[in-house]
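Please consult the sequence and the coordinates alongside the text.

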Amino acid sequence: MTVKIDHLGVAVKSLAAAKGIYEKLGLAVSAEETVEHERVKLVMVPVGESRIELLEATSDDSTIAKFIAKRGEGLHHVCLRVPNLEAAVEKLKKDGVRLVSEEIKRGAGGHRYIFVHPASAGGVLLELVEGH
Ligand code: CO
């Protein structure tokens with residue numbers, strides 16, 4: 001029943017350019033995946049037990065495009081892996097924690113996720129996924 005850092009999400013203008021530093025460090029960068037409903041494409045870079053997720057917008061109305069327009073490239077979210085996502089979300093809702101969306105969504109590779117609003121997480125956008 002441990003919570004771990006699943007990945008750190010980084011908003012970038014170009015996956016091709018941004019992944020270079022990780023390749024130079026000898027890390028294996030995944031193939032590109034697209035998440036249509038979030039209007040992003042991404043690569044994952046495994047680093048030890050965790051990963052770095054590089055996110056590039058596929059459209060100007062993508063949250064990643066808006067983030068970069070406002071704040072520039074950089075750390076976009078921190079993702080925690082929890083043992084039971086439903087139970088965690090239920091507890092957060094009961095405690096009045098602000099979520100970005102009310103329902104759990106499905107992302108790249110079919111994993112389920114939800115975002116906690118930065119207003120409830122010390123200014124950090126917090127993604128939650130399920131796993132051990
Ligand atoms: Co993420």
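A residue is called buried under 20% relative accessible area, exposed over 50%, and partly exposed in between, with a 1.4 Å probe and protein chains only. By this scale Asp6 is buried, with a relative accessible area of 7%. This is a predicted model, in which local features need pLDDT of at least 70, side-chain atom pairs count only at pLDDT 80 or more, and totals for chains, interfaces and linings use all residues. Residues are numbered from 1 along each chain as its sequence is written, and side-chain values use heavy atoms, with hydrogens and water left out.

**Cobalt site**

- The cobalt ion has as protein donors His7 (NE2), Glu53 (OE), His77 (NE2) and Glu127 (OE), which lie 2.1 to 2.2 Å from it. Donors are N, O and S atoms within 2.8 Å of the metal (3.2 Å for Na, K and Ca); water is not among the atoms, so sites may look incomplete.
- The angles among the four donor atoms run from 84 to 170 degrees, and the site is irregular. Four donors count as tetrahedral if all angles lie between 85 and 135 degrees; four count as square planar and six as octahedral if opposite donors are over 155 degrees apart and all others between 65 and 115; anything else is irregular.
- Along the sequence, the donor residues follow the spacing H-x45-E-x23-H-x49-E.
- His7 belongs to strand β1 (residues 4–11) and Glu53 to strand β4 (residues 50–57), so this pair ties together parts that are 46 residues apart in sequence. Helices (H or I, at least four residues) and strands (E, at least two) are DSSP runs, numbered from the N terminus.
- His7 and Glu53 are both buried.
- Between the C-alpha atoms of His77 and Arg39, which are 38 residues apart along the chain, the separation is 16 Å.

**Sheet architecture**

- Eight strands form an open sheet with mixed pairing, in the order β2-β3-β4-β1-β5-β8-β7-β6. Its edge strands are β2 (33–35) and β6 (105–106), each of which pairs on one side only. Two strands pair if DSSP finds at least two bridges between them.
- β1 pairs with β4 in the parallel sense over five bridges, and Arg51 in β4 is the bridge partner of His7.
- β1 also pairs with β5, in the antiparallel sense and over seven bridges; here Ala11 stands opposite Gly74 in β5.
- Strand β3 (residues 40–47) runs antiparallel to β4 and is joined to it by eight bridges, with Leu42 opposite Leu55 in β4.
- β3 and β4 form a hairpin with two residues between them, and Gly48 in the turn has a positive phi of about 60 degrees.
- Six of the eight residues of β4 are buried, so this strand is largely enclosed by the rest of the structure.

**Salt bridges**

- Nine salt bridges are found in the whole structure. A salt bridge is a side-chain nitrogen of Lys or Arg within 4 Å of a carboxyl oxygen of Asp or Glu.
- One of them joins Asp6 to Arg51, with the closest N and O atoms 2.5 Å apart. The pair links distant parts of the chain, Asp6 in strand β1 and Arg51 in strand β4, 45 residues apart. Arg51 is partly exposed, with a relative accessible area of 30%.
- Asp6 also meets Arg81 in a salt bridge (2.9 Å, N to O). Asp6 lies in strand β1 and Arg81 in strand β5 (residues 74–82), so the two tie together parts that are 75 residues apart in sequence. Both Asp6 and Arg81 are buried.
- Glu56 and Lys41 form a salt bridge through their side chains (3.9 Å, N to O). Glu56 lies in strand β4 and Lys41 in strand β3, so this contact ties together parts that are 15 residues apart in sequence. Glu56 counts as buried at 15% relative accessibility, whereas Lys41 counts as partly exposed at 23%.
- Salt bridges that share partners join Asp6, Arg51 and Arg81 into one network.
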